[in-house]
Amino acid sequence: MKRSILILLSLVISAVMLLSFAACTGKSDKAPETTAASSPVSTQTTDDGEEGGQNPIMNYIGRYSNGDAEILVEAEGEDGAKFTVDRGLTDDEAEQYTFSGTLDIDTLKVTYSDSTKKVLTLDAKGNVTDENVKYTDGSGTIIFHEDGTLEWQDENEAEILVENNTFKFSTSAD
């Protein structure tokens, strides 16, 4: 229910922003036409016939957690998705993975091949004091599910994620 409200709110805000932009450009006195799509976002046709609209990942941005790790999902550009995974190891050490890709709106899947894994050394306040890059060519997939969860399938870290690869959307910024 909360997820539906967040999606609806996101779409309304995007529509208002697009209508405001169209009014400012002065190209046309009419509002842009929107077409229904089978995807979770609407597509918009401009006066010159090009399709545009919201980055599809916007419907899934936010924090996801599985108790052991947290994934931050962010939009990147017009159609990209950026992921940051933080996993605490000890009080003074953590792992961080970063990667990006494009959401396939038919399968709700993001495939990536640019993952970087770092082991971070932390001070008593949790600030990073040192970074050790372990690899920069990791690969895998993120799959979004209708129940507000995502599944992380990392080819380099499969042994870590055997039993705990499902992350639930987090409504707080803990």
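Reader: Why does leucine 108 count as buried?

Author: The model is predicted, and the value is computed from it. Leucine 108 has a relative accessibility of 10%. Buried means under 20%, so leucine 108 counts as buried at 10%.

Reader: Where is the place of leucine 108?

Author: Leucine 108 sits in the loop between strand 7 and strand 8.

Reader: What is the phi of leucine 108?

Author: Phi of leucine 108 is near 55 degrees, which is positive, and the residue is not a glycine. Most residues other than glycine have a negative phi.

Reader: Which residue in the turn between strand 4 and strand 5 has a positive phi?

Author: Glycine 67, with a phi of about 95 degrees. The two strands form a hairpin, with three residues between them.

Reader: How do you know that strand 4 and strand 5 pair?

Author: Pairing requires at least two bridges between the strands. Strand 4 (residues 62-65) and strand 5 (residues 69-76) have four bridges, in the antiparallel sense, so they pair. One of the partners is valine 73 in strand 5, which is bridged to glycine 62. Serine 65 stands opposite glutamate 70, also in strand 5.

Reader: What makes strand 4 and strand 11 a pair?

Author: Three bridges link strand 4 and strand 11 in the antiparallel sense. The requirement is at least two, so they count as a pair. On this side, serine 65 stands opposite lysine 168 in strand 11.

Reader: In what order do the eight strands close into a barrel?

Author: The order is 4-5-6-7-8-9-10-11, with antiparallel pairing. From one strand to the next, the twist averages 30 degrees. Strands of a sheet pair through backbone hydrogen bonds.

Reader: Which residues touch the most other members of the largest nonpolar core?

Author: Tyr64, Ile71, Phe83, Ile142, Phe144 and Trp152, out of 22 residues in that core. Strands 5, 6, 7, 8, 9, 10 and 11 each supply at least two residues of the core. Isoleucine 142 has contacts that include Ile71, Phe83 and Trp152, leaving out residues up to four places away in sequence.

Reader: Why is threonine 149 called buried?

Author: Threonine 149 has a relative accessible area of 11%. The limit is under 20%, so the label follows. Threonine 149 lies in strand 10 (residues 149-154). Beyond four places in sequence, its contacts include Tyr64, Phe144 and Lys168.

Reader: Why is aspartate 79 called partly exposed?

Author: Its relative accessible area is 45%. Buried is under 20% and exposed is over 50%, so a value in between is called partly exposed. Aspartate 79 is in the loop between strand 5 and strand 6. Its C-alpha is 4.8 Å from that of asparagine 55, which is 24 residues away in sequence. Among the residues that aspartate 79 touches are Asn55, Pro56 and Gly101.

Reader: What is the mean pLDDT of the chain?

Author: The mean is 77, and 66% of the residues reach 70 or more. Over residues 18-50 the pLDDT is below 50. That stretch has 32 contacts in the model beyond near neighbours in sequence. Where pLDDT is low, the predicted coordinates should not be read in detail.

Terms used. Residues numbered from 1 in each chain as written. Predicted model: local features only at pLDDT ≥ 70, side-chain atom pairs only at ≥ 80, totals over all residues. Heavy atoms only, no water. Axes fitted to C-alpha atoms, helices over the stretch in contact; angles between N-to-C directions. Buried < 20%, exposed > 50% of the residue type's maximum accessible area, 1.4 Å probe, protein only. Contact = heavy atoms within 4.5 Å. Core = buried A, V, L, I, M, F, W, Y, C linked by side-chain atoms within 4.5 Å. pLDDT = per-residue confidence, 0-100.
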